Structure formats: C-alpha cells, structure tokens
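Subject: Structure handover

Hello,

Here is the structure for you to look at. My notes on what was found follow below it.

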Amino acid sequence: MNDVLIQARDLNRSYHNGREQISVLRGLSLELRRGEAVAVIGPSGSGKSTLLNLLNGLLPPDSGELRIFGRAHSELTDNDWAELRRTRIATLFQDGNLIPTLTVSRNVAFRAGLAGLQQHNGEALLQHLGIADTAHRYPDQLSGGQRQRAALACAFAMQPELILADEPTGSLDYATAQRVAPLFFDAIRERALGALIVTHNPELAQRCDRILELREGALRPWDSAQSS
Ligand SMILES: Nc1ncnc2c1ncn2[C@@H]1O[C@H](COP(=O)(O)OP(=O)(O)O)[C@@H](O)[C@H]1O
Ligand SMILES: [Mg+2]
C-alpha cells in the first residue's frame, strides 16, 4: 500500500492573457501522506486554487513531476482523472459544488452513488454537521454556510482517500466555523484521509499537521514568528 498520496516536484504552471504570461506556480514541490492534513495559506492571487486544480487533474502542469496515489500525471488519461474524482479525490470548491436541481439529501446520495457506494451515511452526516433540517431543501434555499456544510457532507459521503478543500469554512460565520472545524477533522482522522486545505481560518489551519505558505509560486513551511 502506497502511503504517499501526492508527490509533486518542481511544478510550473502559468496562464496566458493575450500576450501577457502570468507565471503562477514556479518550482512548487509537495508531499502529502495518508492520514496527514496540510493547510495551505497565502494571499489572494498567489495560486492556491490553481494548485488544487492541478492536483485534481482539472489543469495540467506546464512542467514538473506529479504523482497521485503513486501514478504519474503523464500516465493518467482524462478518464483516469474523472474516475479518481468520482471515487478517490473529493474537491471542495470555494463556492460549493451542489447540483441545483437536487435536494440536499439527494445531492449526498448522488455523490455516494457516483463513487459506486450502495449505502451511505448521508443522514448521519447531515445530522453531524447540524443541517439535518435542510435535507429536503434545494441548494438555492440554503444560506452560504449551510451550502458549505452540505458540500462537506457530499464530500464525506463518497468516502474519498484524499480531500482537496478550497476555503471549506470561507462563508461560515465564526461560531459555525468553530463548530464545523472539529467535525471536519474528526472525519479526516477517523478515516486516515489525506487532506490539503486552503484556508484563511486560523482555527482550521492550526488543527492541521503542517501549515505551508504559497508564496512566489512555491510552498514553504509557514513561519508564524516571521508573519506576526
Ligand atoms: N484562467 C485563468 N486565466 C488567466 N489567469 C488566471 C486564471 N486563473 C487564475 N489566474 C491568475 O492566476 C493567479 C492565481 O490565481 P488563483 O490560483 O485563483 O489564486 P488564489 O486561489 O491563491 O487566489 C492570479 O493572478 C489569477 O488572476
Ligand atoms: Mg482561490
């Protein structure tokens, strides 16, 4: 069993806007193991979302080495990535990823079904996250915080091995974030998931095993002494 979920070495990625080239990731390296939670912090525009999209196969790197579950990026077809995103990698996007035409409980069931699971613990998850009363509502009938928790329930319902989260508590008020953070980590620890969590929330970051800062296109151990 390979315990290294993500192995990235010297990744580079830029965008082209007309003639202008924006070099976002420059020689980024990262290793994430099973059971490890890593927080990624960094200013807006530093490339955090770009990094997550490289790791879930939605964007290819321009160069560098990337291995996911021991498989090299260069060997993975679009279908392989789609299969990984269905069954093994849960991505929590910044604005939630619920299907607007399905109720919350059907969103959760759908996500579990895509992952090939016959059974799921959706009800318990909604209960656990404090949104059991939203089960029969549609995403547009939820507050931002409820939507984010529903997206969390969907992610956990698929029983992933790796969670990539882009500001998973971003639209929660302070009290709700305080309540959701431990639940998030319980689920991660219970199942020994690997988690890469982009967050500005100190509560969430400090519960992680490591905090890395994305700066000048690369990840560095965060030095709290230097930043405060
Ligand atoms: N599709 C795109 N086309 C051109 N530039 C982009 C695109 N996506 C992101 N960028 C630019 O890349 C940089 C990093 O963006 P992003 O990864 O979203 O940063 P973060 O998530 O840290 O705020 C920003 O300067 C952003 O404007
Ligand atoms: Mg972002």
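An oxygen atom of ligand 1 sits 2.9 Å from a polar backbone atom of Ser 49. That is a polar contact (a pair of N or O atoms within 3.5 Å; within protein, one must be able to donate a hydrogen and the other to accept it, and residues adjacent in sequence count only if both atoms are side-chain atoms). Thr 50 places a polar side-chain atom 2.5 Å from an oxygen atom of ligand 1. For a polar backbone atom of Ser 46, the distance to an oxygen atom of ligand 1 is 3.2 Å. The surroundings of ligand 1 (residues with a heavy atom within 4 Å) also include Tyr 15, Asn 17, Val 24 and Lys 48.

Before the rest, some ground rules. This is a predicted model: local features need pLDDT of at least 70, side-chain atom pairs count only at pLDDT 80 or more, and totals for chains, interfaces and linings use all residues. Residues are numbered from 1 along each chain as written, chains are lettered from A and ligands numbered from 1 in written order, and side-chain values use heavy atoms, without hydrogens or water.

Now the domains. The assignment (automatic or from a database) gives domain 1 (4–88 + 160–227) and domain 2 (98–159). Their contact (heavy atoms within 4.5 Å) takes 21 residues from domain 1 and 16 residues from domain 2. Their C-alpha centres lie 23 Å apart.

How many residue pairs are in polar contact across the interface of domain 1 and domain 2? The rule finds four, with both residues at pLDDT 80 or more.

Best wishes
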